[in-house]
Amino acid sequence: MGIPVVVIPNAVEPTKLSKIERRVKSSYTLLSVERIEGENKRPFITIQSFAEICHKYPNWFLDFYGQVTDEAYMQKIQMFIKKHNLENRIRYKGISNNLQPIYENADILGFPSKYEGFSVVMAEAMESGLPVIGFKDSPGVNEMIIDNYNGFLVDSIKEYTEKLEVLMTNYNILNKMALQSHKSVENLSNGEVWSRWEYVMKQLIDRYNDKKVR
């Protein structure tokens, strides 16, 4: 008889936004939050995609955060930004210990990781109403993004850029996906997750007591 396994995700703090709907603003932000390295996290994909189309949308900016664990990769990114004169449009913000207000003020999360376990970044961003773009063949990512509902799952960098442009140009789609993104992680609230833990612990205690009686 196999050992039963129960998967319980991390809990996500409820957003402090009074409502998730994205208001019309003078400027918008594409967000990237991940380690700066090219083996798995690959933030350069988001940067290149944004750079390809951002000249058409002067009120959009890309802010990227994360610890630099690959200096050569970061230098490659910085050289690319400088070469294309995008220092004022693509901005490295370093490491933040308080991402909540950053999520709340952003509009889209670019998440091109090759693979993930349970992504706290994605969960927190979705809780704050950010549609997410990721890759179909990325384990973990493809379990959290519901294609055409709370974001887009794509097959290629070309499609990644195309879907990014869809969100940047269509406020109705962006706003609809923001609401659906928030809704898709409702089961990760503190109360929901702790209820699962309580249920599992009760099952273990009951099983232990049953064995003692026998």
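Residues are numbered from 1 along each chain as its sequence is written. Because the model is predicted, local features need pLDDT of at least 70 and side-chain atom pairs count only at pLDDT 80 or more, while totals for chains use all residues.

**Whole chain.** Begin by selecting everything and colouring by secondary structure: the chain has eight helices and six strands, where helices (H or I, at least four residues) and strands (E, at least two) are DSSP runs numbered from the N terminus. Followed along the sequence, these elements give the pattern β-α-β-α-β-α-β-α-β-α-β-α-α-α. Of the 214 residues, 48% are buried, meaning under 20% relative accessible area with a 1.4 Å probe, protein chains only.

**Strands β2 and β3.** Next select residues 60-65 (β2) and 90-94 (β3), which pair in the parallel sense over four bridges; two strands pair if DSSP finds at least two bridges between them. Within this pairing, L62 has I90 of β3 as its bridge partner.

**Helices α6 and α7.** Finally, select residues 157-169 (α6) and 171-184 (α7), whose axes come within 5 Å and cross at roughly 95 degrees. The two helices are therefore roughly perpendicular, a term covering angles of 65 to 115 degrees. Show side chains for V166, L167 and T169 of α6 and for Y171, I173, L174 and M177 of α7, which make the contact (heavy atoms within 4.5 Å).

Methods: Side-chain values use heavy atoms; hydrogens and water are left out. Buried means under 20% relative accessible area, exposed over 50%, partly exposed in between (1.4 Å probe, protein chains only). Axes are lines fitted to C-alpha atoms, for helices over the stretch in contact, and angles run from 0 to 180 degrees between N-to-C directions. Angles under 35 degrees count as roughly parallel, over 145 as roughly antiparallel, 65 to 115 as roughly perpendicular and the rest as oblique.
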